[in-house]
Amino acid sequence: MVRGASNLLAVEYAYQAFGVAEGTCTVSAFTRTLERISFVFLGVIVEFAFSTVLRAFTMARGFGVMCGALLASICLLSTALPQTVGGLVEQFEGTTVFWEQFEVVKKIVALHDKSVLPRLEPWLRCEDMRRRGNAAFVFARLGDDRGFQVIHAILEDRSPKRAVFEIDSAGHPSPARQIRADRYYAAHLFGDLKDVRAVPVLVALLKDEDVKEVVPWSLGEIGDKSAIPPLKDALADNSLTMRASALRALEKLERDTSD
């Protein structure tokens, strides 16, 4: 309102200054004055519009930052709160990707609650061998020997009677590739399990073409020095990948035994 009043006074002053009331000013002088006043009004309008938009943008940005901070706080709180066995089992059952399911498995194992085993028992017969192996891992880590036996059985099983997800070069389901993938994963699970009973089982697989390249890693994770001699023999393998894997396992075993 103050700015508007001052602009009206400017118009009145222009009339008086150039003698409009007395008819003494020229048309051109008065026109230039009106142009200047118009520029003043235009500047006021632009300034008001720009400041309004800027305030709206600042408020929106501030609101977005607040929402982001609130969401982050909720996520942090959810991860900090302890998860129940029942909730984790539901996650286990609802997770179809085996490696994502294994992340849930580690959380279940960390609770050290054997009450979970009856609910997971049907999974020891799951047609998806990798998810079966995940359930077996829980059993093994919680002291139930059925878990170790199931993982061992997956390693020995070459039957096509299983869920098949692997695809061949023609785009068809490939039981042979699935068998290899399932056995490879079981050998990896033995490394995660770190049970010395798996050492002789794994040593016998150092020349198995399906799984041999993961076996040294698992032996290194278990950490039993009885695996050192067979791993040294594996350094003569024809596969460069196998030799490199055996060498890394040997370095880990020798470093761990010297500590």
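**Notes on how the helices pack**

1. Start with H6 and H8: H6 passes H8 in a right-handed crossing. This is a predicted model, by the way. Helix H6 covers residues 129-141, and its axis lies 10 Å from that of H8, at an angle of about 20°. Angles under 35 degrees count as roughly parallel, so H6 and H8 are roughly parallel to each other.

2. Which residues of H6 and H8 make that contact? From H6 come Met129, Arg130, Gly133, Asn134, Phe137, Ala140 and Arg141. From H8 come Gln178, Ala181, Asp182, Tyr185, Leu189, Asp192 and Leu193. Sort the residues where H6 meets H8 by class and you get 7 nonpolar, 3 polar and 4 charged.

3. Now look at the other neighbour of H6, helix H4 (residues 98-110). The axes of H4 and H6 are 10 Å apart and the angle is about 15°, so these helices are also roughly parallel to each other. The crossing of H4 past H6 is right-handed.

4. The H4 side of this contact is Phe98, Gln101, Phe102, Val105, Ile108 and Val109, and the H6 side is Arg130, Arg131, Asn134, Phe137, Val138 and Arg141. By class, the contact of H4 with H6 has 7 nonpolar, 2 polar and 3 charged residues.

5. H8 has another partner, helix H7. At what angle do the axes of H7 and H8 cross? The answer is roughly 145°, with the axes of H7 (residues 145-156) and H8 (residues 175-193) coming within 8 Å. Here the crossing is left-handed.

6. On the H7 side, the residues that meet H8 are Phe148, Ile151, His152, Ile154 and Leu155. They face Asp182, Arg183, Ala186, Ala187, Leu189, Phe190 and Leu193 in H8. The class count for H7 with H8 is 9 nonpolar, 1 polar and 2 charged residues.

7. On to charged pairs. The structure holds 18 salt bridges. One of them joins the side chains of Glu93 and Arg119, at 3.3 Å from N to O. Glu93 is in helix H3 (residues 85-94) and Arg119 is in helix H5 (residues 117-120), so the pair ties together parts that are 26 residues apart in sequence.

8. Finally, a word on confidence. The chain has an average pLDDT of 82, and 67% of the residues score at least 70. Residues 1-11 stay under 50, and the model gives them 7 contacts beyond four places in sequence.

Notes: Residues are numbered from 1 along each chain as its sequence is written. This is a predicted model: local features need pLDDT of at least 70, side-chain atom pairs count only at pLDDT 80 or more; totals for chains, interfaces and linings use all residues. Side-chain values use heavy atoms; hydrogens and water are left out. Axes are lines fitted to C-alpha atoms, for helices over the stretch in contact, and angles run from 0 to 180 degrees between N-to-C directions. Helices (H or I, at least four residues) and strands (E, at least two) are DSSP runs, numbered from the N terminus. A crossing is left-handed if the near helix is turned anticlockwise from the far one by less than a right angle, and right-handed if clockwise. Contact means heavy atoms within 4.5 Å. Ala, Val, Leu, Ile, Met, Phe, Trp, Tyr, Cys and Pro count as nonpolar, Asp, Glu, Lys and Arg as charged, and the others, Gly among them, as polar. Angles under 35 degrees count as roughly parallel, over 145 as roughly antiparallel, 65 to 115 as roughly perpendicular and the rest as oblique. pLDDT is the predictor's confidence in each residue, from 0 to 100. A salt bridge is a side-chain nitrogen of Lys or Arg within 4 Å of a carboxyl oxygen of Asp or Glu.
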